[in-house]
Amino acid sequence: MQDASPMTGGRIAVPLAVAVALAIATLTLAPRAFEAGLLLSSRDDPVALADHAVARSFDATVAAREIEDALAANDADLARSFLELARDRNVPVDAALAAKVDTANAAAATAARSVESFTRGLITGEPEDLSGLAGTALGDLFVFGDIRDAVREGTRFATGQQADELILGLACVGLAITAGTYATLGAAVPARVGMTVVKAARKTGRIGGQMAAWINRSVREVIDWTSLTSALRGASITQPAAAVRAAREAVKVEKAQDLVRLVGDVGRVQTRAGTQAALDGLKLAEGPRDMSRVARLAAAKGGKTRAVLKLAGRGAIVLTVGAFNLANWMLWALVTAFGLVSALKRMTERSTERYCARRRRRRVREQQAREQAGRREREQGAISPTAEAPTVIVFPAPALAPERSTPPEPIVRTPIPFPRAASGGARNS
């Protein structure tokens, strides 16, 4: 009996070809899907995002190029940051190039420009390096810097001249933070230093547009501009105490928490990674949340923060690829993997069905062969002639004794009488 629907090789080849195609697609999509899953799981972890971005783009060639470019731009701090990053990731750097970086950052070279930079930062409030920021921070900590900025910009604002309202507002908030610094015995020092860095970034144009807009909105909400204008019109540069008091009283402290938190994060970046890293972070950040991520990155990377920000940009602190696109990669990878498993399952089922059908057909053929053989044997037995009875030849046994020449004497047998039956008894018939 033959199978009604035999399993041909074509029915197995189709799912096999589909499985091969889906396997190739899965191998292509799997790395992207894995990367997408990693990025989605790390979207709130700036350290993991930075490590991922650096791992994709940083090697010996990039390290050498970035160090040479930083040295050519007289940015020894950035060159040192890239050298630290290369050593941390075991990326080889030429010994001569590393020696140049060490020379550029030597104590003698730093001391040669420290006095000039410190003085410039103290007087102008525009630091260019760590020494300049130290001078600016010293001036702000002792109120001189904030008084200078508040009086200068406040006078322009009160007289209708072009004034930088952002610098004026930051100076007013800085005066309030300075008072808090003294009141808390230094607990607000990071915020004080951060305010100095933010003002320096504003003066030197090293603050991002969206961050500047956010700070500007915050300053407008924090400062009572009506009372500040009235107070500044009554004060003058010859009355700094009145100007300082007016600026400090114009700050709505209860509304300044977000701004104070932002400048605190900037101060923490400056403490862990340096002034230039804080300025770079302000240029990349688009809001206080981004600056908080930069602070977390600086806490983990330290002096390598500038190199990481230079390599990865905003990708070091936020997802630069949309979450929807990443989810699409994962979805298509899952669909492809599911299709591969389904195709393999169907191919296995059809192969098993074909194997079982072949076994059934073989057993049927064997049974039919046995039946035909038996039938042939029976037919041959029915038409063959009857076999004759075998001839039996009997040989007489040899005589055990010689025959007698005389006849034997007759044997006389005496009859044995039967007993009579008892009288009156029944007679046997």
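Confidence in this predicted model averages a pLDDT of 75 over the protein, and 70% of the residues score at least 70. Both chain ends include a stretch that calls for some care. Over residues 1–5 the pLDDT is below 50, yet this stretch still has 6 contacts in the model beyond near neighbours in sequence. Residues 421–429 also have a pLDDT below 50, and here the count of contacts beyond near neighbours in sequence is 0.

The secondary structure is quickly described: the protein has 18 helices and 0 strands. Of its 429 residues, 37% count as buried. Among contacts between residues at least 6 apart in sequence, 73% join residues at least 24 apart. The protein exposes about 25900 Å², with carbon and sulfur atoms supplying 58% of that area.

Turning to the interior, nonpolar side chains in soluble globular proteins tend to be buried together. In this model the largest nonpolar core has 68 residues, and those with the most contacts inside it are Phe58, Ile215, Ile223, Leu282 and Met291. Helix H9, spanning residues 165–183, gives the most to this core, with 8 residues. Leaving aside neighbours within four places in sequence, isoleucine 215 is in contact with Leu166, Leu170, Val198, Ile207, Leu259 and Leu262.

Apart from neighbours within four places in sequence, the contacts of threonine 305 are with Ser81, Ala273, Leu297 and Ala298. After H17 comes glycine 313, whose phi is positive, near 65°.

Backbone geometry draws attention to two asparagines as well. Most residues other than glycine have a negative phi. Asparagine 74, although not a glycine, has a positive phi of about 60°. This residue sits in the loop between helix H3 (60–72) and helix H4 (76–88). Its relative accessible area of 72% is over the 50% cut-off, so asparagine 74 is classed as exposed. Asparagine 90 is also a residue other than glycine with a positive phi, near 60°. It is placed in the loop between H4 and helix H5 (95–104). Asparagine 90 is exposed because its relative accessible area is 70%, over the 50% cut-off.

The surface has a nonpolar feature too. Leu16, Val20 and Ile24 make a nonpolar surface patch of about 260 Å². Valine 20 is found in helix H1, which runs over residues 9–41. Its relative accessible area is 44%, which lies between the 20% and 50% cut-offs, so valine 20 is partly exposed. As a general point on helix geometry, an α-helix has 3.6 residues a turn, so residues three or four places apart point the same way.

Notes. Residues numbered from 1 in each chain as written. Predicted model: local features only at pLDDT ≥ 70, side-chain atom pairs only at ≥ 80, totals over all residues. Heavy atoms only, no water. Contact = heavy atoms within 4.5 Å. Patch = residues over 30% accessible without salt bridge, like charges linked within 9 Å, V, L, I, M, F, W, Y side chains within 5 Å. Areas by Shrake-Rupley, 256 points an atom, 1.4 Å probe, with all protein chains shown as cover. Salt bridge = Lys/Arg side-chain N within 4 Å of Asp/Glu carboxyl O. Helix = DSSP H or I, 4+ residues; strand = E, 2+ residues; numbered from the N terminus. Buried < 20%, exposed > 50% of the residue type's maximum accessible area, 1.4 Å probe, protein only. pLDDT = per-residue confidence, 0-100. Core = buried A, V, L, I, M, F, W, Y, C linked by side-chain atoms within 4.5 Å.
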